[in-house]
Amino acid sequence: MDSILRGKDFIATQDWSKGELNTILKLSEELKLKFAMNEPTDNLLRAQTIFMMFFEQSTRTRNSIEAGITQLGGHAHDLTPDKMQISHGESARDTAKVLSRFGHGIAIRNCFFGIGNQYLNNVAEHAEVPIISMQDDYYHPLQGIADLMTIREKLGNNLKGTKVTVSWAYADTHAKPLSVPQTQALLFTRFGMDVTFAYPEEFPLMPAIMEQARKNAENSGGRLQVTHDMDEGFNGAQIVIPKNWGGFLGVEDPESDEGKKEIKANLEKYKDWICDERRMDLTDKHSLYMHALPADRGHEVTDPVIDGPHSVIYDEAENRLHTAKAIMALTMGGRP
Ligand code: CP
């Protein structure tokens with residue numbers, strides 16, 4: 001367990017050692033127990049401020065950070081670009097420098113493809129307080145660590161060899177970022193899990209990230225494999241995480257009108273990539289169904305599955321609160 005984390009940014013789990021990740025998980029468990037027992041934890045970040053900058057909508061992330069910092073004795077400012085001079089072009093550097101003088105942490109969600117991760121790193125370069133990613137176009141570390149906590153609660157702390165399948169699924173609500181499956185690829189392989197990715201060929205993930213995940217698996221004694229057949233991915237899985245992600249990498253220019261049309265045409269070919277009871281029957285008898293939420297019910301998953309006996313979605317969402325609190329308590333906690 002590594003515990004000297006004050007001031008450390010939480011943008012990519014890959015930048016955190018396994019010992020540091022274990023520290024987050026351990027503290028999350030403690031904070032969850034204290035919450036259950038109504039024990040106060042408001043001494044941990046008393047009178048500290050976190051600035052939340054949301055370039056996109058959120059339910060879980062916004063409310064877990066805001067409720068979380070309140071429970072730790074601090075306060076969150078809920079900001080969107082239209083409430084800030086970012087809308088008039090203020091630079092990442094100036095925003096970072098000024099907010100660093102007012103408070104103790106900056107949390108950002110910016111999932112714009114090709115922009116988000118770069119923006120977070122620009123702010124981090126100039127900030128004097130920790131930057132916490134609330135999701136970008138590459139990573140969603142707050143989701144990944146809550147997923148890992150949930151899996152450990154259900155299956156125990158030794159996850160070596162645990163068969164988990166992260167699958168693409170059809171959805172028509174919006175082009176969902178790559179960040180959740182990419183974070184799961186990087187994180188689950190650190191813990192020796194037997195990870196399968198199932199997706200249609202037109203919906204790949206970032207090659208450099210998948211390559212890093214492969215190296216993680218080699219180092220941990222785990223495994224990473226890819227299939228383009230959803231049924232094959234589900235066969236014998238102990239955990240299934242079927243979720244849509246956008247086809248940004250399957251076309252030449254995803255931002256052009258032509259590229260957007262091509263992505264839509266690719267999407268419509270795979271309406272049958274749904275997590276239903278037939279597919280759950282292919283998995284292990286005691287398998288877990290997980291989803292970061294929001295889920296596209298009727299497209300990504302059927303109601304009998306998401307509301308059924310395999311589903312742990314609300315436990316997974318609940319853990320967003322306690323992991324967010326642990327990360328804030330470990331990284332903020334004082335001015336540099
Ligand atoms: N899973 C997740 O990040 O949910 P929100 O988009 O509601 O924050």
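Rings of Phe, Tyr and Trp (its six-membered ring) are counted as a pair if their centres lie within 6.5 Å; planes under 30 degrees apart are called stacked, those over 60 edge-to-face, and the rest tilted. By this criterion the structure holds ten aromatic pairs. One of them joins F55 and Y119 in an edge-to-face arrangement, with 5.3 Å from centre to centre and 70° between the planes. This pair links distant parts of the chain, 64 residues apart: F55 belongs to the loop between β1 (49-54) and α2 (60-71), and Y119 to helix α4 (residues 116-126). Both F55 and Y119 are buried, where buried means under 20% relative accessible area, exposed over 50%, and partly exposed in between (1.4 Å probe, protein chains only).

The model is a predicted one, in which local features need pLDDT of at least 70 and side-chain atom pairs count only at pLDDT 80 or more, while totals for chains, interfaces and linings use all residues. Residues are numbered from 1 along each chain as its sequence is written, and side-chain values use heavy atoms, with hydrogens and water left out.

A further edge-to-face pair is formed by F203 and Y270, at 6.3 Å centre to centre and 90° between the planes. Because F203 lies in the loop between β6 (194-198) and α7 (207-220) and Y270 in the loop between α9 (257-268) and α10 (277-280), the pair ties together parts that are 67 residues apart in sequence. F203 and Y270 are buried. Ring pairs also link F203 and Y270 with W168 and W273 into a cluster.

Contact means heavy atoms within 4.5 Å; not counting residues up to four places away in sequence, M230 touches S167, W168, A198, P242, W273, I274, C275 and R279. One of these, P242, is twelve residues from M230 in sequence and 9.3 Å from it in space, C-alpha to C-alpha.

T323 is found in helix α12 (residues 313-331) and counts as buried, at 0% relative accessibility. Leaving aside neighbours within four places in sequence, T323 is in contact with I24, S28, L142, I145, A146 and M149. Q143 is found in helix α5 (residues 141-155) and is buried, with a relative accessible area of 2%. Under the same exclusion of neighbours within four places, Q143 is in contact with V180, A292, E316 and R320.

The whole chain may now be considered. Its secondary structure comes to twelve helices and nine strands, these being DSSP runs numbered from the N terminus (helices H or I, at least four residues; strands E, at least two). A compact globule of 336 residues would have a radius of gyration near 20 Å, and the 19 Å of the protein chain agrees with this; the radius is taken over C-alpha atoms, and the globule rule is 2.2 Å times the number of residues to the power 0.38. The C-alpha atoms fill a box of roughly 55 × 50 × 35 Å along the principal axes. Of the 336 residues, 58% count as buried. Among contacts between residues at least 6 apart in sequence, 80% join residues at least 24 apart.
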